[in-house]
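Please look over the sequence and the structure shown here before reading the short report that follows.

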Amino acid sequence: MTNARRHPRSTTADQLLTEVSDAVRLQEGPPGVRSVLRALRRLAPASTKDLSRATGLPVPIVAALGNELRRRGLVTKERPSRLTEAGRDLVAQLGMDLTLDATCRTCDGRELVIPEVLDEAVRRLRALMESGPAADMAIDQSHCTAETKVRRVLALLTAGALPGGSLLLVGDDDLVSLAVAVVGDVLGGPIVERVTVVDISAEILDYIQKVSAGLGTPVETVRHDLRRPLPARLHGQHDVAMTDPPYTPEGARLFLSRAVEGLRPGPAHSVFFSFGGKSPDEMLEVQREIMALGLVTNGYIRNFNEYEGSGILGGVGFFQHLLTTTSTASRQGDYGGPLYTGDKRTRQREYECVACGAQVRVGPGARWTSVAALRADGCPNCGKGPFRPGRLVPAEEAPAPAEQSPATVSTPAPSPSPASGPAPTGRTVGWHPPTPEERAALEKRAHPYVTRQADERDLPAIGAFEAEIARVSFGEDAIDDPARWATRLGRAMEKSKEGMIVAHRPGEDPVGWCWVSINQNAMTGDRYANFRSLAVSPVDNRSDVAELLLTAGLEFCLANGITEVVGRVHVGNVPMRTVYRKFGFDPTSLAMRLFLPRGER
């Protein structure tokens, strides 16, 4: 414990807290700023993620607060952050110049420690996560760590909910069902009579079935949209339930309602509920939903859950043990309203690439609707990252996706299809599909190479293509590791291979690669295609193979009812610019970049 300078509390210090909280529109107000200052005093040097975990504030909010404190000379410009002399003086004036941490060093405040006998379970679960389905951030999925999975099983055992009995998992992208089975396998026998998993994802359920079959624990999987009540045969059949719902009040209410439906009648049945940190007002909504279901809190552990890839919440969430009462009941019928975080997001936020300083907008109507998607693709300027959150973009400043892409082409609408009409008025159609004769001539020029949908066997070649595209576009700043690109594209393939096309000589490795994705403008609902990649090896008929790939990509767009295609190309990539222009793409904007000397003011 340290007991440093003591200064009388000043109105100026209180005013400063108010100014900072007002500048970032902090719902928590001055107490939220105090919590960040207190955490900085205790943890320094501290990263934004460390501060988010310590305060429970989302990473973008902590980053914005840090920027405001830096502007006032209270936090160092260097990262990880420390308080400056002025910052330490402010902390002293606020009476917070005291460091005392009573957090248990063994469990780090989580109340549970994984015993050595279950280290094998952690290792096995890590391997299962690597080969399992990828998280879909669009529906608030973010896989908890292998250690968290085992801790959740230990929580069930510690609370007396296991061993024995039946467990209902309302959604299981975290693969807790496999954690229960693996722990039982390591300990020498099942620790539960029956596990029921209800999820909408066939991919997740198939994986759970395949893996659990050899582990000795009975696991039933039920594919079901939780927007509708549970199937009648699951009502009142389970002793304990667990859920990690979408991080909205609506998501909490819906998933907890389904948990209640599946539990046996009567009091003292357990529901284990995982959720992410929210503002006090949002948390009040969540707790009201819990009370409305007739549930009471029996335990609460902050930062119990650790997640991979959920940077906005600092990678952590709380774990709440709820109990049913004689008043517990679910009155939730069918639900058709907003459910996921993305459903409720209405504004874009700017993110700064730490590597090159580029400002990238993320959110509805932007090229990237989530920062997770931006991280997966890398900075559009340098291909790197990471990204530092910045300001919220006023709605009137947010352009449609087509306005953010430097090349666009309109394609004729497919026919006959009553759901689609001609290209919007005021646009010039830049490309028409080839006639059968033209297609045959193109295929002859591209011979012996043909096109097909890409798959996992192509990843090494595709990774090499992407590395070369990065070198052409970004020079020394490029991410040019083919293995890294192959891993990134492998994750994309797990979601969908549609629009991924390779050119190859039958039976041989690809000599060309094209990737087209179909997106939707979240503000207007319009669908458009994005040409993400096009590359061809230096074969003799290289330009013909490139034309064949681009034609296949545009035909894919037509088959999916797309009438507008956008693409990005580096200004120095002259061959790619030439191909775009040949196919009728028109440049619509130009990104400008300027480097300034370091250390000069």
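How many aromatic pairs does the count come to? The count comes to 9 aromatic pairs, where rings of Phe, Tyr and Trp (its six-membered ring) pair if their centres lie within 6.5 Å, and planes under 30 degrees apart count as stacked, over 60 as edge-to-face and the rest as tilted. The rings of phenylalanine 272 and phenylalanine 319 have centres 5.6 Å apart and planes at 20°, so this pair is stacked. The pair joins distant parts of the chain, since phenylalanine 272 lies in strand β7 (residues 270–275) and phenylalanine 319 in strand β9 (residues 316–324), 47 residues apart; strands are DSSP runs of E with at least two residues, and helices runs of H or I with at least four, numbered from the N terminus. Both phenylalanine 272 and phenylalanine 319 are buried, meaning under 20% relative accessible area with a 1.4 Å probe and protein chains only.

This is a predicted model, in which local features need pLDDT of at least 70 and side-chain atom pairs count only at pLDDT 80 or more, while totals for chains, interfaces and linings use all residues. Residues are numbered from 1 along each chain as its sequence is written, and side-chain values use heavy atoms, with hydrogens and water left out. The mean pLDDT (the predictor's confidence in each residue, from 0 to 100) is 80.

Charges also sit over rings, with CZ of Arg or NZ of Lys within 6 Å of the ring centre and within 35 degrees of the ring normal.

| Charged residue | Ring | Distance to ring centre |
|---|---|---|
| arginine 151 | phenylalanine 304 | 5.6 Å |
| arginine 488 | tryptophan 485 | 4.9 Å |

In helix α4 (residues 59–71), 10 of the 13 residues are buried, so the helix is largely enclosed by the rest of the structure.

How values were computed:
Buried < 20%, exposed > 50% of the residue type's maximum accessible area, 1.4 Å probe, protein only.
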